[in-house]
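User: Hi! I have a new structure open and would like to go through it with you. Can we start with how the chain contacts itself?

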Amino acid sequence: MSRPFPYTYISCPCADTPVPDPARKRRSRESPQKSPQKPPPERANTDQDKKLSAKEEEQGEDEDEEQTFDPRSPRSNFSLYPPEQLLYCEECHQIKCPRCITEEIVSWYCPSCLFETPSSMVRSDGNRCGRNCFNCPVCTAPLAVSTIENATGNAPQQGPWVLSCGYCLWTTLDIGIKFDKPTNIRSQLQKMTDSTPPAALDRSRQASRTFEDLKHPLSSYASIDEQSNARERDGEQAAPKEDQGAPPMGMDARFAALKNFYRTQISETSNSPNDHLSSEFGFSSPGALNRLMSLYASSSRLSGLYGGSKKPKSKPPVMREALTASEGLQVASENSETDMIARLQSPECGWDGMASIDQRATQSPDARFIDDLLPLPVLLRTKRAKRCKSCKHILVKPESKPQSTRFRIRLIALSYIPLPTLRPLAPSSSSALPAMAPTSDLNSLPPLRPIHILLTLKNHMFDPVRITLATPPVTPGRVATKVTVLSPQFEIGANSDVWDEALQGASAPLTSDSRSAALRGVPEAGKVWDKGRNWTTVVLEVVPGTLPGSSAEGGDGNPNTETNDEDVLAVAASRQDEDVLEIPVFVHMDWDADAQLDQQNVGKGSKPDDKVTRELAYWMVLGVGRIQPSL
Amino acid sequence: MPPPKTAKGEYIETDTGNKISRRSQIHGTQHIILGGKTVIQAEAVIRGDLFRTATLPTDPNNASAAAAPNPSTPSVAITVGRYSYISKSAILRPPSRLHRGIHSFYPLKIGDHVFVGEGAVVEAASLGNHVHVGKGAAVGSMAIIKDYAYVLDGAVVPPGMVVPSWCIVGGRPARIVGEVGEGYGVEGAEGGMARERYRVVGRT
Ligand SMILES: [Zn+2]
Ligand SMILES: [Zn+2]
Ligand SMILES: [Zn+2]
Ligand SMILES: [Zn+2]
């Protein structure tokens with residue numbers, strides 16, 4: 001989802017840990033012997049740094065990345081998030097993005113009927129709604145249960161019923177399916193499509209049981225040959241009967257039959273009688289593992305080494321495969337492929353009669369034609385709790401009820417880091433800067449014309465915070481836009497009682513638009529533009545660079561912008577949307593928090609009144625607009 | 001290109017703070033309830049004239065002619081909550097359904113802090129609170145869009161679809177393609193801009 005200009009993204013510090021400091025690398029290069037200290041980030045705007053950074057344009061890309069966050073770097077895609085998507089861990093005191101959390105399912109629900117599915121039912125229902133919710137197999141729109149006899153208004157509640165799509169007008173009549181009742185459609189449908197002869201299942205169970213009888217616990221003849229021979233004889237008798245009697249099973253029924261078959265196979269072929277229990281737990285159960293181990297151990301030298309006994313001479317029992325249709329075997333018909341090709345070529349099928357790849361992806365593997373497509377029970381969705389990956393603390397816990405939008409726990413980053421909003425400063429008529437461009441259209445910023453951008457940071461914490469902003473003097477990439485934060489250091493007030501603001505008539509930041517511009521006159525360096533109870537607005541002076549190859553490109557353009565990148569992909573990625581003006585801003589914030597929340601930190605930076613100084617630093621990207629190709 | 005400057009007095013402000021463009025088309029005002037501080041922009045069409053009556057007009061295009069046959073029982077066609085925003089050229093139209101052979105209209109309920117984008121067509125049964133309907137999107141008849149759901153630009157939500165809370169839908173027909181972040185709807189952030197949006201309307 002791309003956002004309209006202006007937008008702000010925040011880079012999760014997990015992308016580069018420790019958080020890169022824009023000046024650290026520089027300092028360390030100046031004096032490589034000295035251990036890198038933490039210089040004030042606002043130095044990034046000094047003249048000396050300008051020169052340095054110009055030099056650094058020539059340096060390798062990797063060094064550039066460590067210094068200034070480049071919103072255009074392919075890696076940035078993985079760390080930039082809209083502010084409302086970020087969480088905050090109070091234990092780690094850090095921003096948490098979707099990459100630094102783990103999720104746990106709180107509840108399953110159907111997105112169509114909004115009923116919760118108990119976790120015990122989720123598996124048996126195949127992660128799909130067990131009620132009357134279906135998606136159209138042709139277009140995925142939800143299907144409605146409607147009666148065919150709609151025209152005759154005086155006959156309410158009379159079937160037959162069909163599922164119909166309100167988007168592409170497909171109905172189950174297209175595949176010849178009608179329902180007797182408007183309820184329990186899924187089980188009705190299952191009965192129709194599966195055509196599972198219950199007798200077949202019973203028979204297979206019986207067959208297995210006879211086999212169990214055959215295999216005496218003490219007998220040693222239960223080898224694979226004997227077993228399969230016996231079964232073949234058995235199967236030969238059974239197969240012709242079944243093939244004629246029962247119609248071919250549906251996918252689900254066949255799966256159930258195969259599952260059942262293998263379950264009995266596991267129990268039958270296990271060595272110890274206790275293993276019968278294990279069949280309930282499947283292949284991964286300790287019993288199954290035991291069986292596998294003994295299978296290998298008996299034939300290896302190890303058995304001689306450890307056991308030493310000569311007993312396990314008999315061949316271990318080996319599982320066989322399904323042999324009859326009732327066990328889930330489906331024999332490929334001889335002519336099925338040629339029949340299918342003939343049908344594809346026939347005029348009544350044509351292109352429209354074939355199912356698309358998208359449609360087939362959600363259907364049984366046999367579905368080739370539109371008529372084979374069955375209504376799809378709606379896939380369930382989940383409500384999930386989120387944990388910090390590093391400390392395992394819960395950051396988000398929604399209420400489990402599907403219809404509830406409330407949270408038991410919700411530690412969003414916006415409760416801690418200031419909410420950034422961006423807005424161009426409308427040029428006032430009495431402006432002292434005649435070169436100021438009209439900023440009404442952010443989609444075509446004229447190059448080399450300075451504009452003023454108002455950046456408002458709104459604090460949601462109950463403590464005032466001190467902010468230091470730093471930007472590279474020139475934006476990274478081939479389009480060199482000059483950026484200056486006119487007042488990089490400022491404070492934001494605490495988020496005190498919300499009612500105060502409401503009673504005072506709510507002077508929110510975005511309201512004081514042109515009115516205040518006229519009052520405030522010209523943006524000045526070192527002065528914040530505007531300030532409210534828990535927000536502060538500062539001005540960024542931006543001189544959009546010229547696009548490479550545009551007519552306006554002159555001596556002002558950066559001569560070093562020609563990239564010698566090895567990485568072709570990176571270049572391609574950077575040239576696409578090159579005209580988008582994105583400004584990386586390094587935000588450093590610190591504040592005095594109550595120490596009582598975690599005692600272990602009291603010793604370090606404690607202040608007399610049980611306050612602890614906390615700090616947080618991260619990169620932020622301001623999407624200002626698009627630069628015009630020429631003046 | 002900067003948009004043409006709005007003429008002075010473009011918006012009529014009601015007692016409850018609704019700002020309604022003089023260039024919007026609102027039919028059947030007695031069947032529309034606006035919760036206050038709602039914005040209706042120019043060329044938006046609101047069809048309050050399509051409401052359920054005992055004798056139903058069969059052709060919705062002629063409905064305005066046959067409207068209000070019984071003024072003593074005013075039925076509500078459209079309800080809009082507080083701080084909702086109906087953009088330019090958007091169309092709000094009560095949903096309708098063929099029920100037992102009779103075509104009848106049902107009320108359209110729109111919650112608080114809802115945004116309906118430019119040129120969008122909404123025929124839903126309900127849009128919950130903080131719902132965003134993108135530019136050029138179409139929300140089909142009887143669809144139910146729950147709180148904090150997000151309909152992307154140009155999406156076509158099929159008739160009768162239910163979009164759960166926090167879900168993002170897009171495409172034609174619309175499918176659930178993602179979820180908004182937990183911070184969605186926080187005042188001033190994405191999904192929580194309704195008050196700011198309201199305040200700047202009508203200022204020149
Ligand atoms: Zn992260
Ligand atoms: Zn359902
Ligand atoms: Zn369909
Ligand atoms: Zn943590």
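Analyst: Happy to! In chain A, 69% of the contacts between residues at least 6 apart in sequence join residues at least 24 apart. Contact here means heavy atoms within 4.5 Å.

User: Where does this model come from, and how are things numbered?

Analyst: This is a predicted model, where local features need pLDDT of at least 70 and side-chain atom pairs count only at pLDDT 80 or more, while totals for chains, interfaces and linings use all residues. Residues are numbered from 1 along each chain as its sequence is written, chains are lettered from A and ligands numbered from 1 in the order in which they are written, and side-chain values use heavy atoms, with hydrogens and water left out.

User: Thanks. How many helices and strands are in chain A?

Analyst: Chain A has 18 helices and 22 strands. Helices (H or I, at least four residues) and strands (E, at least two) are DSSP runs, numbered from the N terminus.

User: And how much of chain A is buried?

Analyst: Of its 631 residues, 42% are buried. Buried means under 20% relative accessible area, exposed means over 50%, and partly exposed is in between (1.4 Å probe, protein chains only).

User: What about chain B, what is it built from?

Analyst: Chain B has one helix and 23 strands. Buried residues make up 54% of its 204 residues. For contacts in chain B with a separation of 6 or more, 38% are between residues 24 or more positions apart.

User: Let's switch to the metals. Which residues hold the zinc ion called ligand 1?

Analyst: The protein donors are the SG atoms of Cys12(A), Cys14(A), Cys97(A) and Cys100(A), at 2.1 to 2.2 Å from the zinc ion (ligand 1). Donors are N, O and S atoms within 2.8 Å of the metal (3.2 Å for Na, K and Ca); water is not among the atoms, so sites may look incomplete. Along the sequence, the spacing of these donor residues is C-x1-C-x82-C-x2-C.

User: Why is the arrangement around the zinc ion (ligand 2) tetrahedral?

Analyst: Because its four donor atoms subtend angles of 104 to 115 degrees. Those donors are the SG atoms of Cys110(A), Cys113(A), Cys129(A) and Cys133(A), lying 2.2 to 2.3 Å from the zinc ion (ligand 2). Their spacing along the chain is C-x2-C-x15-C-x3-C.

User: Are Cys110(A) and Cys133(A) buried or exposed?

Analyst: Cys110(A) is buried, at 1% relative accessibility. Cys133(A) is buried too, with a relative accessible area of 9%.

User: You mentioned β5. What does β5(A) pair with?

Analyst: β5(A) pairs with β11(A) in the antiparallel sense, over eight bridges. Two strands pair if DSSP finds at least two bridges between them. Ile105(A) stands opposite Arg384(A) in β11(A).

User: Why is β11(A) called largely enclosed?

Analyst: Strand β11 (residues 381-388) of chain A has six of its eight residues buried, so it is largely enclosed by the rest of the structure. β11(A) also pairs antiparallel with strand β12 (residues 394-398) of chain A over two bridges. In this hairpin there are five residues between the strands, and Lys392(A) takes a positive phi near 70 degrees.

User: Last topic: how many residues of chain B are in contact with chain A?

Analyst: 39 residues of chain B are in contact with 42 residues of chain A. The area buried between the two chains is about 3,300 Å², and carbon and sulfur atoms give 59% of it. Buried area is the accessible area (1.4 Å probe) that two parts lose on being put together, summed over both. Arg100(B), Glu179(B) and Glu182(B) supply 20% of the area that chain B buries against chain A, more than any other three residues.

Definitions and conventions
Four donors count as tetrahedral if all angles lie between 85 and 135 degrees; four count as square planar and six as octahedral if opposite donors are over 155 degrees apart and all others between 65 and 115; anything else is irregular.
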